[in-house]
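Okay, thanks for coming, everyone.

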Amino acid sequence: MISKADQTLLKKKGISEQKVAEQLKNFVTGFPFLKIEAAASVEHGILVPDKDEVAAFLAVWDEYCKAGHNILKFVPASGAASRMFKDLFSFLSGEYDEPTTDFERNFFNNIEKFAFYEELDDVCVKNSSATIKELVAAGKYKSVVFNLLDFTGLNYGSLPKGLLKFHAYDGIQRTPVEEHFVEGALYAAMNGKVRLHFTVSPNHRAMFEQLVASRKDLYEKMFDVEYEITFSEQKQSTDTIAVDADNQPFREGGALLFRPGGHGALIENLNDIDADVIFIKNIDNVVPDRLKGDTVIYKKLIAGVLVSLQKKAFEYLRLLDSGKYTHEQIEEIIRFVQQKLYCRSNEIKHLEDCNLVLYLRKKLNRPMRVCGMVKNVGEPGGGPFLAYNSDGTYSLQILESSQIDMSNEKARTMFENGTHFNPVDLVCAVMNYKGEKFNLPDYVDPSTGFISHKSKNGRELKAMELPGLWNGAMSDWNTVFVEVPLVTFNPVKTVNDLLRDVHQ
């Protein structure tokens with residue numbers, strides 16, 4: 001039953017009663033597993049351009065940038081860094097006072113290598129009247145960690161990753177936000193202008209804006225560019241209702257409980273962006289300048305692949321619109337859809353002329369993305385597959401393990417033996433051949449959500465995440481995979497990852 005108070009809350013959030021009813025139904029029915037044809041590989045859908053092809057695609061991208069197209073770099077940056085410090089939080093609450101685990105010993109043995117060391121040292125002197133070295137010599141290890149994590153110190157336990165000091169350069173420290181400034185200047189500049197968009201949490205937006213205001217001029221002078229920096233927050237209308245163990249709406253003090261819908265909700269933020277081409281990359285996947293070369297080359301490469309494919313798709317769409325095409329040209333378009341866009345239908349040979357043209361037009365006229373894929377090194381997360389769509393076609397998709405029926409031996413084997421991994425390295429084209437924006441929510445597969453089990457104040461609840469940004473939310477896009485080197489994938493999952501050579 002929806003009360004008047006519930007209706008007021010729904011109106012405030014911009015969520016319809018029908019949407020709530022659909023979400024409640026999903027908790028009862030669950031989400032179906034996807035049928036997969038094969039794991040994508042070099043033999044099945046992952047491109048590995050040779051040296052000459054790489055040079056050609058790089059040239060295509062450089063020309064595209066010079067032509068004045070609207071380019072933007074989109075960075076999901078709202079995630080808190082608390083999980084980075086899980087081991088240190090455990091140390092703080094532990095019954096021992098000196099580093100005991102390998103993680104703890106590694107942290108303290110190399111603490112001077114962290115970019116935030118000097119700032120932490122200053123805070124220790126201010127709050128504890130001793131330097132880090134003095135605290136460690138006195139066995140006050142927990143005091144150091146407390147000053148790092150607590151709000152009275154650096155507050156790193158509560159800040160988002162984007163605002164932490166990741167890398168040091170001769171006395172200057174950079175946050176991931178600043179590293180994305182640099183990346184944007186190196187591969188996403190258009191006539192001296194670099195557009196960056198960060199999705200942030202409401203609690204941290206002012207901090208991001210303050211950082212940008214204080215550092216933007218430095219990087220504009222460094223790269224002789226002009227930055228346009230914008231922010232957005234995950235919309236309340238994308239929150240999802242929580243339920244109890246019996247799939248009834250979860251209430252606190254009589255009020256319905258809603259939870260953020262996961263990163264898939266950001267398809268709405270992406271839909272609000274006005275750009276021809278949009279790069280997407282996670283906030284923590286950045287490296288110091290000395291290692292940016294490969295990142296820049298392969299970002300330009302996948303962008304060159306994208307605009308090359310888009311140009312050809314636009315040519316074919318205009319040809320189909322003209323009605324002046326030959327049988328040979330239709331055969332050429334079929335080959336393009338099947339061999340370049342990797343979208344296949346077992347029924348295409350049964351389609352009559354008119355229906356065949358409609359089918360080809362539908363597959364060509366949709367958003368397009370090219371995704372970098374790295375070789376699998378056992379990282380948890382999604383991977384590239386050839387998966388079946390609701391219309392019976394199968395195409396390249398990024399799938400999470402939760403979307404695959406692991407009780408099906410064939411499907412499980414495909415997942416376990418997958419050769420590549422999704423590092424979240426995308427470049428997207430979101431305009432149609434007439435220069436109009438696609439409405440991206442129209443291309444989401446709503447049946448690819450995910451249900452997780454949580455707790456709230458000691459009570460069990462079930463939460464629902466919307467179709468993920470790079471899987472279900474982009475399910476009905478044209479998708480192409482390109483192999484990129486592992487050196488371009490350097491996420492920071494724990495604070496000690498910053499001690500790896502690629503972050504020094």
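This is a predicted model: local features need pLDDT of at least 70, side-chain atom pairs count only at pLDDT 80 or more; totals for chains, interfaces and linings use all residues.

Residues are numbered from 1 along each chain as its sequence is written, and side-chain values use heavy atoms, with hydrogens and water left out.

So, confidence. pLDDT is the predictor's confidence in each residue, from 0 to 100. The protein averages 94, and 100% of the residues score at least 70. The lowest mean, 87, is in strand β19, residues 450-456, while helix α5, residues 102-109, has the highest at 98. Helices here are DSSP runs of H or I with at least four residues, strands are E runs with at least two, and both are numbered from the N terminus.

Now the inside. A nonpolar core means buried Ala, Val, Leu, Ile, Met, Phe, Trp, Tyr and Cys residues joined through side-chain atoms within 4.5 Å, with buried being under 20% relative accessible area, using a 1.4 Å probe and protein chains only. The largest one has 49 residues, and Trp 61, Phe 279 and Leu 360 are among those with the most contacts inside it. Which helix gives the most to this core? That's α12, with 14 residues. Beyond its neighbours within four places in sequence, Leu 360 is in contact (heavy atoms within 4.5 Å) with Leu 320, Ile 330, Ile 333, Ile 334 and Val 337. There's also a second, separate core of 33 residues, including Phe 85 and Tyr 141.

Next, the sheet. Three strands make an open, antiparallel sheet in the order β1-β15-β16; strands pair if DSSP finds at least two bridges between them. β1 and β16 are at the edges with a single partner strand each, so one side of each has no neighbour in the sheet. Three bridges join β1 to β15, and Ala 38 sits opposite Leu 386 in β15. Helix α15 packs on this sheet, touching β1 and β15.

Last stop: Thr 175, in the loop between β5 and α9. Buried or exposed? Thr 175 is buried, at 1% relative accessible area. Its side chain makes a polar contact of 2.9 Å with that of Glu 178. Setting aside neighbours within four places in sequence, the residues in contact with Thr 175 include Gly 162, Lys 165 and Leu 211.

Definitions and conventions
Buried means under 20% relative accessible area, exposed over 50%, partly exposed in between (1.4 Å probe, protein chains only). Axes are lines fitted to C-alpha atoms, for helices over the stretch in contact, and angles run from 0 to 180 degrees between N-to-C directions. A polar contact is a pair of N or O atoms within 3.5 Å; within protein, one must be able to donate a hydrogen and the other to accept it, and residues adjacent in sequence count only if both atoms are side-chain atoms.
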